Amino acid sequence: MRWISNLFSRYWRNVHFISVFLLSLILILGGGRVTSLVSGAATAVFYTPFAEVKNTVVALSMVNTENRRLQLALVEATAKVVQLEEMEGENARLRAILGFTPPELYTLLPAEVISVSGDHVSLAAVINRGSSDSVAVDQPLINEQGLIGRVVSVAPNSATVQLLTDPTARVAVRVADSREMGIAKYQIGTGMILDNFPIQGSIKEGDLIISSGLGGIYPPGLVVGTVLSVERPEEEPFCRIRLQPAANFNSLEELFILMVAEP
Amino acid sequence: MKIIAYIFYLLLIGLHMVIVRDVTSLLDAVINLPACLVLLVALYKDEVPVTWFGFLAGLVAAAGTPSRLGWYALLMAVLALAACFVKERLNLDSLKAKLLLVLGGVFIHNVVSLIINGADGFMLLLATSALTGAVYTTLVAWLFFLFKEGKLTVEKIKSIF
């Protein structure tokens with residue numbers, strides 16, 4: 001037995017190498033079935049975990065790239081939506097204007113508001129029409145909602161408009177139904193009021209107020225506003241009447257200058 | 001514990017074959033990590049485990065090409081045994097000697113691999129792939145030796161930057 005043991009230890013490494021050689025020979029000559037089995041096992045144990053990691057990283061990278069692309073597309077789409085909403089609003093305004101007809105003896109000159117001045121309330125606006133477009137001082141301006149104001153100064157290519165919300169502006173008006181007259185003006189803090197309206201006059205909430213044409217600036221029949229509230233205090237000769245202006249002075253964009261039509 | 005170390009080396013080969021190999025390739029030159037690992041293990045371990053490790057490393061490295069599985073396993077086992085043979089008979093204490101062994105071993109492995117694959121344009125591949133791959137692998141082995149001998153440390157690398 002010892003002889004065998006000595007012989008075995010003496011040729012120990014040769015035994016191992018012969019084993020390795022024989023196994024290799026089996027793999028070389030064994031055909032596809034054996035090699036497929038061995039390579040499948042080796043792949044499953046030593047390749048698959050790393051392949052999954054690699055695939056996950058590649059997939060994450062693709063998702064990241066896709067995410068960036070979609071974020072960019074979202075920003076572009078959002079910008080387009082805002083642009084379309086803006087165009088939709090403009091379209092609605094222009095459609096409303098289409099059905100608008102000027103008072104007799106007047107023609108309409110369209111103008112766009114360049115800027116509006118005033119702290120809490122818009123007091124004046126600058127428009128893109130001037131003396132080169134035959135715009136002159138005291139010409140009234142309207143939009144599809146109603147009276148806006150009048151031109152107070154003119155430059156060659158622009159003009160300044162005093163809005164009805166300016167406390168120094170006055171409009172001679174009348175109640176559309178009763179035809180009784182008064183002065184519309186704007187008070188800071190109160191809003192638009194109808195001044196100088198006698199206490200025994202016929203007026204009620206919701207009445208339409210239009211320009212009377214007596215001031216010499218605004219032609220008759222332009223919508224100024226509607227009556228919000230009427231108070232008839234005792235021992236006072238005039239009513240306290242609050243008006244709701246017809247035009248929205250916070251969103252002025254397209255206006256029309258009333259030009260006297262040439263015969 | 002010894003077996004765990006060998007399993008770790010085999011996993012390292014799997015990682016290299018699946019992910020690192022393509023990422024680190026320079027033109028036709030690729031790091032031959034399986035051969036490099038077998039040679040490095042042969043420098044520090046005994047003949048018998050190294051022979052088996054070479055055989056298994058060959059199996060793992062060639063798992064993607066089942067038709068050549070046996071040849072690669074045999075080639076790697078012979079390489080491991082030859083490295084042990086050289087280690088026993090030559091003085092490999094110096095860094096240059098170790099690097100020369102790695103360079104020669106990897107180059108021979110690359111050449112025999114080309115023969116086994118029966119690649120067209122053998123002479124061209126010898127220069128563009130086998131030799132450059134051996135040099136590239138030797139550079140990696142050089143970094144390993146520098147780390148192992150403490151000549152290159154993480155602190156030293158950090159101090160450069």
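Is Glu235(A) buried or exposed, and how many C-beta neighbours does Glu235(A) have inside 10 Å? In this predicted model, Glu235(A) counts as exposed because 5 C-beta neighbours lie inside 10 Å, and a residue is exposed if that number is 12 or fewer. The residue belongs to the loop of chain A that runs between β10 (223-231) and β11 (240-245). The backbone of Glu235(A) also deserves a look: phi is near 65°, a positive value in a residue other than glycine.

A positive phi is likewise found at Asn196(A), another residue that is not glycine, where the angle is near 60°. Asn196(A) sits in the loop of chain A between β8 (191-195) and β9 (208-211).

Chain B has 161 residues, of which 41% count as buried. Among the contacts in chain B with a separation of 6 or more, 64% join residues 24 or more positions apart.

The two chains also meet each other. In this interface, 22 residues of chain A are in contact with 25 residues of chain B. On the side of chain A that touches chain B, α2 (12-29) and α3 (32-98) each supply at least two residues. By residue type, that side of chain A comprises 14 nonpolar, six polar and two charged residues.

Terms used. Residues are numbered from 1 along each chain as its sequence is written. Chains are lettered from A and ligands numbered from 1 in the order in which they are written. This is a predicted model: local features need pLDDT of at least 70, side-chain atom pairs count only at pLDDT 80 or more; totals for chains, interfaces and linings use all residues. Helices (H or I, at least four residues) and strands (E, at least two) are DSSP runs, numbered from the N terminus. A residue is buried if 20 or more other C-beta atoms lie within 10 Å of its own, exposed if 12 or fewer, and partly exposed in between; C-beta atoms are placed from the backbone. Two residues are in contact if their C-beta atoms, placed from the backbone, lie within 7 Å. Ala, Val, Leu, Ile, Met, Phe, Trp, Tyr, Cys and Pro count as nonpolar, Asp, Glu, Lys and Arg as charged, and the others, Gly among them, as polar.
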